[in-house]
Amino acid sequence: MIEVRQVNKIFNDRPVLIDVCATFESGKVNMVIGKSGSGKTVLLKSLVGLHSIDTGQIFFDGRDFHTLKQKERIEIRKEVGMLFQGGALFDSSTIEENVMFPLDMFTNDTQQEKLKRVNFCLERVNLHGINDLYPSELSGGMQKRAAIARAIALNPKYLFCDEPNSGLDPQTAIVIDNLIKEITYDFGITTVVNTHDLNSVLSVSDTIVFIYEGRSWWNGTKERMLTTDNQELNEFLFSSEIMRRIKT
Amino acid sequence: MNVFFHVGRYVAFLVKVFSRPEKHTIWIRQFFKEVQKLGLSSTGIIILVSLFIGAAITIQMAYNITSPLVPDYVISLTTRDTMLLEFSSTIISLVLAGKVGSNVASEIGSMRVNEQIDALEIMGINSSSFLVLPKILAFVFFIPFLVIISMFVGIGGGWLSTVFMNVITPQDYIEGIQLAFIPYYVTYSIIKSLVFAFLIVTISAYQGYYVSGGALEVGKASTKAVVYSIVMVLLFDLILTKLLLS
């Protein structure tokens, strides 16, 4: 479980996160939603330590991340997998080398053991026979799946996904969403997904945090979300004509 | 103020770069990859440039030294000393600032804008050390070989000009390059090249590492890397020459 308590972050005198509070539960797909520029990505990057926070606390199963020593933080980071918006696969390495990379760095497994794990992870994301291809030879959806394979290579306790569906067609987006959900349930991972894709929110989310102008404005489930009378959330959800028609 | 900011951040960056590698086996693999990418792959351009410049210097020397009082072998002697003292270290480093500097800055810059550096950090890896240290050590390790190759090929280029262009006789040329040879010139040249190699890779890596934005910014960082590397190579050429030869 990850707990965020009154986190504040200021960039160039502009507050980006203001007293953000949230709880992301284990074995669930926890979604962070909000408009572009609302502070979602800054929150995610603060969670994984890519941004330092100005005040507040972030607990990883009771461990306050930002007060830990560098060595202890690195230990937590080894428990973290992250799926970036663009996949962030290493261009100059093959898919096999990409997925094997965390195993090379942090395990003392034999080459055979590592290869077995790589193949398991690639199978898990339904990628077959692409071990020797380079990222540039794959489609966007396949790159995302390969990136998920790399993220789960070390059996992470926490999985962070930043806009996993950006740039994907609706069908591929559903495949990625379902994959994230299956992996979360199979391995009991605490998964945090940043998105503004309502399809994803409605199909795979277990809990939702709505960020509005840097504040954690609303939280709950998708069922509650659809019937909420929170004005800002409603404006975000039903901003399009078609969504308003669906609601009425 | 901007200069102080960059100098401070550059020093802080170097402190992070020179930290203990996470895993030695991976690090050694990276080192040899970089030797191939930055060093071995530069050999062709170094041979080409040195061959032609060596020949051109010999022709220019012959053109300038027209006095009958000066023997012909002086032409090859000055060609040799020009190659040893300045060309094979400084000019070759300027060529390498273009090739290696832009390569390092664009590679690391692309990794930054594509979030690959963030991916390394999240895995708990010191990205600056992992990416930059093998490049620095590989290039510093390999540059003396490039300098020595350049010296031989440049002097060889001069000899070819005597054979095919009849500038002076090949015998005079051979006599001149053996005359009054000072081995320290080679040492001086190699010392300079080691410093230049360090400057080229660290400045270029710094430019790439702190890039933000997209492809346009990576291009700008690459240009800055080459320009700043060249300026620093020229500045340190002056400083080292004063320190080592006076």
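Student: What makes 43% of the 246 residues in chain B count as buried?

Tutor: The cut-off is 20 or more other C-beta atoms within 10 Å of a residue's own, with 12 or fewer called exposed, anything in between partly exposed, and C-beta atoms placed from the backbone. In chain B, 43% of the 246 residues are buried. Bear in mind that this is a predicted model, where local features need pLDDT of at least 70, side-chain atom pairs count only at pLDDT 80 or more, and totals for chains, interfaces and linings use all residues. Residues are numbered from 1 along each chain as its sequence is written, while chains are lettered from A and ligands numbered from 1 in the order in which they are written.

Student: Why is B:Ala62 called buried?

Tutor: Its count is 22 other C-beta atoms within 10 Å, so B:Ala62 is buried.

Student: Which residues is B:Ala62 in contact with, leaving aside its neighbours within four places in sequence?

Tutor: Contact means C-beta atoms, placed from the backbone, within 7 Å. B:Ala62 has B:Ile75, B:Val167 and B:Ile168 as such partners.

Student: Over to chain A. What makes strand 3 and strand 8 a pair?

Tutor: DSSP has to find at least two bridges between two strands; strands here are DSSP E runs of at least two residues, numbered from the N terminus. Strand 3 (residues 29–33) and strand 8 (residues 190–195) of chain A share five bridges, in the parallel sense, so they pair.

Terms used:
Two residues are in contact if their C-beta atoms, placed from the backbone, lie within 7 Å. Helices (H or I, at least four residues) and strands (E, at least two) are DSSP runs, numbered from the N terminus.
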